[in-house]
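Please read the following briefing alongside the sequence and the coordinates. The points are grouped by topic, with each cut-off given where its term comes up.

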Amino acid sequence: MAEQPTFRTWPDAGQPPRAPSGLFPSGPVPGPTRPTYREPHPIQAGALAAGAGLTTAWLLFFGLLGGDLRGYVWWTVLAGAVAWLAALLLVRFGDRGAAVGVAFVTAFGWAIAAAAVAVRWSTAGWPLW
């Protein structure tokens, strides 16, 4: 008959366990005491970049329709308004990442147009009408 294997036990197996020092955590990591809310549909970087790129082209093409500063500014305002309407529709029915890209680039394009108006206004007078 084969002998049963013997198992070695640690010398302090019969003593009560000591509290851990905390240097090396033992056991599960304690979770947050409050619930953590996660976005069900997070914004993707690719969609944001696509929205930003298309809006840049959109504003550029409309800005080139203006022959002078006045035309550039009014075409940029019109194209930006249409882009923001598209961003609102994207937020509601489409991809919110693309909507963020559209809104960001539109605001930046409007800021460029406002800066151009401010520079012209400071040197030659009000350029829009």
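Directly after helix α3 comes Gly125, whose phi is positive, near 110 degrees; helices here are DSSP runs of H or I with at least four residues, strands are runs of E with at least two, and both are numbered from the N terminus. This is a predicted model, in which local features need pLDDT of at least 70 and side-chain atom pairs count only at pLDDT 80 or more, whereas totals for chains, interfaces and linings use all residues. Residues are numbered from 1 along each chain as its sequence is written, and side-chain values use heavy atoms, with hydrogens and water left out.

**Overall make-up**

- The chain has three helices and zero strands, and its elements run α-α-α from the N terminus on.
- Of the 129 residues in the chain, 21% are buried, where buried means under 20% relative accessible area, exposed means over 50%, and partly exposed lies in between, computed with a 1.4 Å probe and protein chains only.
- The accessible surface, computed by the Shrake-Rupley method with a 1.4 Å probe, comes to about 10,600 Å², and 68% of this belongs to carbon and sulfur atoms.
- Among contacts (heavy atoms within 4.5 Å) between residues at least 6 apart in sequence, 64% join residues at least 24 apart.

**Helix α3**

- The 29 residues of α3 should span 42 Å at 1.5 Å a residue, and the end C-alpha atoms are 42 Å apart, which agrees; the expected span is 1.5 Å times one less than the number of residues.
- At the start of α3, a side-chain oxygen of Asp95 reaches to within 3.1 Å of the backbone nitrogen of Gly97.
- The buried residues of α3 include Gly97, Gly101, Val105, Gly109 and Val117, and what covers the buried residues of this helix includes α1 (45-63) and α2.
- Thr106, which has its place in helix α3, counts as buried at 0% relative accessibility.
- The side chain of Thr106 reaches the backbone oxygen of Val102 at 2.7 Å, and, not counting residues up to four places away in sequence, Thr106 touches Thr55, Leu59, Gly80, Ala83 and Trp84.

- Leaving aside neighbours within four places in sequence, Leu69 is in contact with Ala116, Val117, Arg120 and Pro127.

**Aromatic pairs**

- Four aromatic pairs are found in a search of the whole structure, with rings of Phe, Tyr and Trp (its six-membered ring) pairing if their centres lie within 6.5 Å, and with planes under 30 degrees apart counted as stacked, over 60 as edge-to-face and the rest as tilted.
- Phe62 and Trp75 form a tilted pair, 5.7 Å centre to centre with 40 degrees between the planes; Phe62 lies in helix α1 and Trp75 in helix α2, so the pair ties together parts that are 13 residues apart in sequence.
- Trp75 is partly exposed, with a relative accessible area of 32%, and ring pairs link Trp58, Phe62 and Trp75 into a cluster.

Key:
A polar contact is a pair of N or O atoms within 3.5 Å; within protein, one must be able to donate a hydrogen and the other to accept it, and residues adjacent in sequence count only if both atoms are side-chain atoms.
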